[in-house]
Each structure stands twice: as structure tokens, then as C-alpha cells.
Amino acid sequence: MSNSSIPVRKFDAVIVGAGGSGLRAAIQLSEGGLKTAVLSKVFPTRSHTVAAQGGVSASLGNSEEDHWHWHMYDTVKGSDWLGDQDAIEYMCRKAPEVVVELEHFGMPFDRTDEGKIYQRPFGGHMSNFGEKPVRRACAAADRTGHAMLHALYQRNVRANTQFFVEWMALDLIRDESGQVLGVIALEMETGEVVAFHAKATIFATGGAGRIYYSSTNAFINTGDGLGMAARAGIALEDMEFWQFHPTGVAGAGVLITEGVRGEGGILRNSDNERFMERYAPNAKDLASRDVVSRAMVTEINEGRGCGPNKDFVLLDITHLDPATIMKRLPGIREISIQFAGIDPIQAPIPVVPTCHYQMGGIPTNFKGQVVAPDGAPVKGFYAAGEVACASVHGANRLGTNSLLDLLVFGKSSGDSVIEDVASGAVVHQDLPADFADRTLARLNRLNTQTGGSNVNETRLELQRTMQKHCGVFRFKEMLVEGVAKIVEIEKAVARTEIKDKSQVWNTARVEALELDNLIEVAKATLVSAEARKESRGAHVRDDAPDTPENPNGRDDANWHKHTLWQREGSSLSYKPVTMTPLTVETIALKTRSY
Amino acid sequence: MDERERINRLRWRCTRRAMLEMDLLLGEFLERIFPTLGPAQAEAFIVLADMEDLELWPLINGSRECADPVQAEVVALLRDVRVK
């Protein structure tokens, strides 16, 4: 196949991904009169945003006094001071506006008796700069993400946004100056490869939680935007920071809520010991997420894990009255039966710390523009949501800020595109003659590979390596070994072989292409994590413990900076954290404690 | 569309869903149970797989009833799936 055989479709803007941030950006563009294409691997309302249940935060003050500045403080503290304070101020100030807008789009928020948006308390949400809990989370029962996606999708239907459903974007198109000119994408139904030539390209592809063996993320979260960006020479920022939940069903990843331990559930090792008594004598099994996760990993690493591979611990509720389990934890019983094959009334549930959310991503500013290491915008390229790193989550995300991120930066990236198109800052540049060469070579390699590696086996190897070497609790030697292993796995990924060579609905090909993206994210994560010799937020190293000089193992003198990983040579560089907010005073570095 | 294409499309729609739980359940069902279904049940499964996760999940966990008897049979089979 040569370039000339690839059809080219021209749009003002192309958005890759139709979850919360992609749909929010699309509203701006379509209502702003831009000819917009939205590409998605699935129908928009099947995006992973659906899985977000908790809510979206905004200092509306509907239930009690609240202020965006307090929200900002909580977010900076949550980020362990790695978040950029200009972006965090922007997000927290914009929160009430985007939430009310969403209400006007038809979002069925829960309401107070007076008809205002009901707000509930949430971990880490405090008033008056950390003084006492405040009700800031707005929700639609436990279906907030689902309801949000529907409201945004309907608004897009009204605005005549053009969707390309069951299309997978394969690569970014950049010219010699580095300007982004669109994407090359594959239509699954026909196998056709098409160039979407655009003045502006927004990535809203979500996270890459599938790099881990145990992950709460749906299968769709393969980091496609990160893979495409990395291959196009864009650095990935702070990829060592991943949020974990202590109790996912071992093997499946399905979440077991903290409520199980709240009802009296006990964690046990292979000696049947209630090991949390050693790690947290007072709180025991109800200690904070990071303490529990670390204890679980220590037990497994020291050989007291359960099962044939000694790679999980047990969550035991067999001592509870079956009637209590049936009454208070019916959903958990079903999940355990379906996903672990165990009735928790009779036997304990196998659990492991499970990957949940990616804090790092494609570096952007608060306008949703992708930025080069020197801070200059990459012309024609924008990103929002979990794929992007603004950075508002820093080293750890505050609960309910993920849905807020989608709304605020989905909108701001859309506004930036409108501004850049209107001012003529971005126009349709000619496509370089070789714009599709690398993508076509990749597809051709996959079609002609013989004696290569199996896609499923290679992906599993990648996921197990990430889980073992770069999980919730990290060890120097394991990280070093992990980097070597992932480099070997990368060689296998470059030689994947598929038996099915057909064009139409070739899911084997799509899965191999997803693996091409997973490997970039896995490598960025491991290399960045190995290099960061401190503990901060979700990145916790055994060799960077809590000391009087470095509380919580955080080493601001050497490591208060953002990591940037470049695919070329797998090299690292660093850039300073933006400590200057837009209008208020800096929230100065402080030890993070709750 | 031939049989391979039809099954591959269904596989994509069963394993690229909004929620991990549904990827796991429908994926397992498609591999192990779907090939054993009669035509009416297979059709009913395709209708179920086209539903959104938060419509389908209440049927599987029993908090909502199926109106259609064939669909109810398939939901009962889905409920019995044990993900390995």
C-alpha cells in the first residue's frame, strides 16, 4: 500500500475518544461551528467514564459554606505538591460553572429538598484549608459517570457532531516543524485505513490501566493516545504515578469496596494470620488505603501470599453472620461468586492491590494545549481527561476530581481549538509525502510476520511484569529488574504475529495494535518509577522511607519536579512544578498528612 | 457479513464495554456458552449484548426482571457464568 491509496478526509478538528472529555470538547467545537469528527473504539455511551460512580466536585456551597480556594488547597495537598498550581486553580475555579452547565445539559443530579444540587462528603474534601470535612461532591446516585456521559452525548446529537464509531486511531500525523495535522485511523468494519486531516487534534482517549495484571479498568483502557503520542515524539509526563485500590479480586481486578472491611472483614495471609495487627495495631484492617496496600504487598513479597503462586492475600468475612452478609453486602457476595468462584459466606475472597487511575499523561497546560518540555504549545495538538497531565492530580488524585478534570479540560481544550482556528494560528497544512509510511509499515509488519510472538501471551507477560515490579509498593532491585524485563517484552511486542490476516472485523489485529500502545505506557512507567528515588503520593519506595529529614519519604530538595519520558532512547528529563497559581498565593510545600 | 466477521464483531462488543465486570462476564459467556445456544437464545444474547452496561447489570444481578422469557433464560445462564 502506498500513501496515495489512503483516503484523506478533511475536518476542522478531530477528537480521538468519546468518553467524558471527548464529548465535552466536541460540544464546544460543534456548537462553535467547527466541522468536527469524533473517533471512538466503541459507541460513546460505552466509554469507561460510565464506571465513575462517586461524583464530581464543585464548591457550590449548596449544603454548607465552601470556596474554590479550599478545593484548590485539598487538590494541591492530595497531589503531594506535584500538581501545577495554575492548572489546579483554574480547575477548581471553573468547577461550579461546568457543573451548572452540565445540569443545563440535562444531567439528573440528586437534589436537596429546595431543588438545589445535593452535595455529599467525600474523602479529602475539607473546608477552610484542611480544617473539617465539607460536602462538595455532586452525584447522580451511584451512576454519576453514566448520567454525565448520556447528558453530554445528547447535547452532541443536538449539535450534529459527526461520530466515527468502532474506529481505532493508529498514529498522529506531524510535519517537519512538529505541527500536528490529524490522525491515521482504522475502520474495524472494513479494515480501511484513513487519514483524518485536521487543523486541530484533541486526544481524549482515557487511561491505560490495562498495563497492570490486576486493574479495575475495562479492557478498552489500553493507552492508545499515550502510545500514539510517544511514537510521534511527544514526551509523557509523571507516568510513575498510578492510583491503586487495596482490594480487587485477584486475577479479575473487580473492585471489592472498603465497606467489606467496614463491616468487619479481615485480611489474612497464608498462615491464616490477621497481619494488619502488625502493621496498624489500632486501625488494623481499617487503616488507610496506602497502609493496607503496602502491608498486603509486603506479606506477598515475604512469601506469605496465598494460592499456588502465593500471589494474593485473603479477605475473610466467614466469621460474619450469613444474614448480615446477605443484608449488608449482597452485591459483594455476587461479585465474589462470579469473579472469584467463591461464596464469601463459606470461604475468604482472594484479593490484591489493584490499579485504578493514571495520574500522568500527555503534558498539557490548563488550556488543554499539549506542551513541549519548554512549555511551548505543540501546534495543532490538544489533550484532556485521563490521557492528559495538566497537571492537576500530581502524585495522587483527590476523589471526584477525575470527572471534574473531564469537564473543565474537555471544555478548555475545545475553547483553545476554537480560538486557534479563528485566529488562523492553526490551518490545514499540506500532509507530508511520507505521512503514513510508519503506520503502514507497522500494519504490513503485522500482516507478514511469521514465527512471531503470541499477542495474548505477550500482553499477559507485560501485565504480570508491571504488577510484580512496579505495583503499589516499589523496591529498588525489583524496579531495576523490571526495566530489563520490559525491554525484553518490547522485543516480543515488535514481533507479534496474528493468524487472521483478513480485513473486515479483524479483532486480532486491533488487539495487537492495542498492545503496541500498552508497551509504550508500561516502559514509560517503569523507567520513570525506577529513576524517581523518593516516595511521593502514589509512588512509594521501600528505600525511601519516612524519616525526620524526609517525612513520608518525600525528598523535595531533589525530586520536587515533573518527570518527562521520551520514547527515543527511553530517556528522561525533568521540568519544574508550577508553584505560582493564576491569582492567589502559592500553597507552600508542607508534609502531607491526614 | 460472514460468520467469522459476525462473531468477531460480537466479540468486540462483548469485550470492549464500559465496565470491567461486563467485559469479563460477556467475554467468558461468548467463548464458553454462546456456541451451545439455539438460534432464539443466540438472538436474545445479541440483544442483551447491545444493551448498555447499567441496563444489563441489574438484569444479571436480579434487581430487575426480564420481560421476555427467552431473554430471561439467557440472563439466567449469564448469572451462572464463573469467570476463570
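I began with the lining of the largest cavity: strand 18 (388-389) and helix 11 (401-422) of chain A each supply at least two of its residues. Helices (H or I, at least four residues) and strands (E, at least two) are DSSP runs, numbered from the N terminus. I note that this is a predicted model, in which local features need pLDDT of at least 70 and side-chain atom pairs pLDDT 80 or more, while totals for chains, interfaces and linings use all residues. Residues are numbered from 1 along each chain, chains are lettered from A and ligands numbered from 1 as written, and side-chain values use heavy atoms, without hydrogens and water.

I then read off the lining: 15 residues, with A:Gly385, A:Ala388, A:Cys389, A:Ala390 and A:Asp405 nearest the centre of the cavity. By class I have 8 nonpolar, 6 polar and 1 charged.

Next I turned to chain B, where the axes of helix 2 (residues 20-32) and helix 4 (residues 53-60) come within 11 Å and cross at roughly 65 degrees. For my own reference, axes are lines fitted to C-alpha atoms over the stretch in contact, with angles from 0 to 180 degrees between N-to-C directions. On the helix 2 side, I find B:Glu21, B:Met22, B:Leu25 and B:Leu26 making the contact (heavy atoms within 4.5 Å). Helix 4 of chain B brings B:Asp53, B:Leu56, B:Trp57 and B:Ile60. I sorted this contact into 6 nonpolar, no polar and 2 charged residues.

Conventions
On a 1 Å grid over the protein atoms alone, a cavity is a set of points where a 1.4 Å probe fits but cannot get out, and a pocket is an open set with protein on both sides within 12 Å along at least five of seven lines; lining residues have an atom within 4 Å of a point. Ala, Val, Leu, Ile, Met, Phe, Trp, Tyr, Cys and Pro count as nonpolar, Asp, Glu, Lys and Arg as charged, and the others, Gly among them, as polar.
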